[in-house]
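Open the model in your viewer and keep the sequence panel beside it. This tour tells you what to select next and what is there.

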Amino acid sequence: MSVITFTIDGEQYSAKEGDTILQVARDNKIPIPTLCYLEGLSTFGACRLCVVEIEGSQKLFPACTTKPTESMIVHTNTVKLKKYRKMIVELLASEGNHQCAVCVVNGHCELQDLAYEVELDHVRFPYLFPKKSLDATHKDFVIDRNRCVLCTRCVRVCHEVEAAHVWDIAGRGIDCEIIADLNQPWGTSPSCTSCGKCVRVCPTGALFDKGAAVGEMQKESGFIKFIVNARNKHEWVRTAHEEE
Amino acid sequence: MSKMITISPVTRIEGHAKITIQLDDKNDVIDARFHVNEFRGFEKFTEGRLLWEMPGITSRICGICPASHLVTSAKAGDDILAVEIPETAEKLRRLLTLAQWLQSHALSFFHLSAPDFLLGFDSDPATRNVFGLIAADKEFTKRGIRLRKFGQEIIEILGGRRIHTPWTVPGGVREPLELAKRDQMLTWIPEARETVKLALDALKKIHKKYAKEIPEFGNFRTLLVGLVSKDGGLEYYDGFLRIKDGNDNTIADKIEPKKYFEHFGEAVEPWSYLKFPYYKPFDYPRGMYRVGPLARVNICDYIETPLAEAERKIFKSLSGNVNVVNNSFYYHYARCIEMLFAVEKIEMLLKDPAILGETIRAQASINRLEGIGCSEAPRGVLFHHYHVNKDGVIQKANLLIATAQNNLAMNRTVRQIASHFIDGKKGKITEGILNRVEAGIRCYDPCLSCSTHALGQMPLHVELLSAGGEVLDEVHR
């Protein structure tokens, strides 16, 4: 297997062929914010929070889908990147109905954590206050589309890990939303196994346990890598890194 | 010719009110109105949300009494889940409710009303606030602030935060109480009891000092409404509704709180966002009633704790020959008696071994499509009434809040004070008059936005109108 040597933030690192910039950064504890990325699932590159600068190009590249090449020089934490990441979180905040104070994941939300991370103290864009639906027809779970950031973790985990493929995206542009089966109430979905994986991987309060009160819902998404490893490699071992 | 008088500095608050005073041809006061000109909309925007979120959402109605909304909303949730909550959960909710009373009443007495009493209605408005009080009597004020802290600390220990804890849920509460934290709360009791006694002593001196003014501070007969326990004692969490009139006649008793809507209606006036609840059999506006400390201490047969019961008997002796204290000024006295009760009862609850139980939450799904929760908030009886679909999504919410139930009486109080103190022939409102009107409203400790509370001064806007509608004088604060 060939090894690629490249530079991240002035330090040289080695990558195995097929590794992404994000994987190398994570292995070497270089922080790059992510939202749609989840270890164990396919990469999607939708949220653009993990964008990095690569010398020689004007474009920004998502670290989760970009593979390093020999001698590539990557910057992960420039003024320009900070500006764009903050703007992305602002746009996410403005296009949904995110009311942290009364949300089931208040204090345990990846979007909220990101807002702190990018130092979001206000949103410069007008709030759209879209009319989104809440579906509580499932006996155990609820989807509140007001809080969905369209990361598609639920879509991918249901398709790739549970193999039920309940979730999909309907609509276009700003009207995109997550739907169950043929756009029907979740409680009527014949394909849903009620496994709850989608709820556990959702980074916000869009998917949650029915009966959870404000701030009560805590999620744990590290189990996905455990399941995938167990399936692919027949290794039933949790490492400290996965439990983080 | 109208004239604008600006009073500065203005203490910032949430909650906005306006008062208009109407004069007749002879320049005598014929009407006065207390307008609440802001709108919250919780009843509408909670439609479509989940039942389990409602305690957390509705507690945001108020920054002073969030625990009351939290408990009442959770009780409506219990009703919809059709569960009987565990004994420990009920006792913990009772503890939370009393802590809420204590901190809110302490705020009303020490921070908001005491500056008027102790510094004087006509004292300089720039210092007629809690800071002026600190300068005048540091130890007394400090004790009052610490009494409020005690209430807040109980809420924080139980729910993890002082304001807007989401700790109470349909079916019970979220966390049990640890022994060490129970003991931590108990250490406060002796100091809290002494502070309330000091407040009562101070208040009795005030009663003497203002003996001539007090009879004009909302002194009229109305119905009095509140919860009483199953055997008629002072109640704050459960029990039945009792309605008495100003002559001590029991108009209705042992009403199930769930039947409140059969007895109370809500009228709307175009000049205020605050609705006007009334007792249906007496029609609007004759069905005016008062809720809160004055009503509760008046209508109960006894108080279960000894010190508060002894004070209740002294309170009743103020009533003359009707056995009902009808003067709204004595809300303050009733509030202090309730603080004493709260301290004594908190101690009783903390010493009850059941408070440390670990079974605290009943789990159930939707078993009814309609539920009503009721408890006594600091300012009076509070109802949350929800309709849900089979998935637990709110279809309709009605919140009957204590301050609204005092609306008719607050208007009457404003009218009485205006009639007594305003000399229409002079066409002029003095600072002292404005402050007396304000103090009359403050007897009720109103939560105008029911989100937070006047701190020091309310942003009042008073207009003096001639018979022709001309603005003779206007004061903003």
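A crossing is called left-handed if the near helix is turned anticlockwise from the far one by less than a right angle, and right-handed if clockwise. Helices (H or I, at least four residues) and strands (E, at least two) are DSSP runs, numbered from the N terminus. The model is predicted: local features need pLDDT of at least 70, side-chain atom pairs count only at pLDDT 80 or more, and totals for chains, interfaces and linings use all residues. Residues are numbered from 1 along each chain as its sequence is written, and chains are lettered from A and ligands numbered from 1 in the order in which they are written.

**Stop 1: chain A**

Select chain A. It holds seven helices and ten strands. Its C-alpha atoms fill a box of roughly 55 × 50 × 30 Å along the principal axes.

Now colour residues 3-77 as domain 1 and 99-243 as domain 2 of chain A. Such bounds come from an automatic or database domain assignment. The two domain centres, taken over C-alpha atoms, are separated by 25 Å. Twelve residues of domain 1 of chain A are in contact with 17 residues of domain 2 of chain A. Contact requires the C-beta atoms of two residues, placed from the backbone, to lie within 7 Å. On the domain 1 side of chain A, nine of these residues are nonpolar, two polar and one charged. Here Ala, Val, Leu, Ile, Met, Phe, Trp, Tyr, Cys and Pro count as nonpolar, Asp, Glu, Lys and Arg as charged, and the others, Gly among them, as polar.

**Stop 2: chain B as a whole**

Switch to chain B. Count 15 helices and 16 strands. Its radius of gyration is 22 Å, close to the 23 Å that the globule rule gives for 477 residues, so chain B is as compact as a globular protein of that length. The C-alpha trace spans about 65 × 50 × 45 Å along its principal axes.

Colour three domains in chain B: domain 1 (4-39 + 410-470), domain 2 (46-212) and domain 3 (221-347).

**Stop 3: helices of chain B**

Axes are lines fitted to C-alpha atoms, for helices over the stretch in contact, and angles run from 0 to 180 degrees between N-to-C directions. α4(B) passes α6(B) in a left-handed crossing. Among the contact residues are B:Leu92, B:Ala99 and B:Phe110 of α4(B), and B:Gly144, B:Ile145 and B:Leu158 of α6(B). By class, 15 are nonpolar, six polar and one charged.

The contact includes B:Trp101 and B:His105 of α4(B), with B:Met339 and B:Leu349 of α12(B).

Next, show α8 (residues 189-209) of chain B. The axes of α8(B) and α12(B) come within 10 Å and cross at roughly 165 degrees. The crossing is left-handed. In this contact, residues of α8(B) including B:Ile189 and B:Leu203 meet residues of α12(B) including B:Tyr333 and B:Glu347. The classes are eleven nonpolar, one polar and two charged.

**Stop 4: a loop in chain B**

Zoom in on B:Pro285, in the loop between β10 (276-279) and β11 (289-290) of chain B. A cis peptide bond joins B:Tyr284 and B:Pro285, with omega about 0 degrees. B:Asp283 is found in the loop between β10 and β11 too. Its phi is near 65 degrees, a positive value in a residue other than glycine.

**Stop 5: between the chains**

Show both chains. The contact takes 14 residues from chain B and twelve residues from chain A. On the chain B side, the largest share, three residues, comes from α2 (residues 54-58) of chain B.

Terms used. The radius of gyration is taken over C-alpha atoms; the globule rule is 2.2 Å times the number of residues to the power 0.38.
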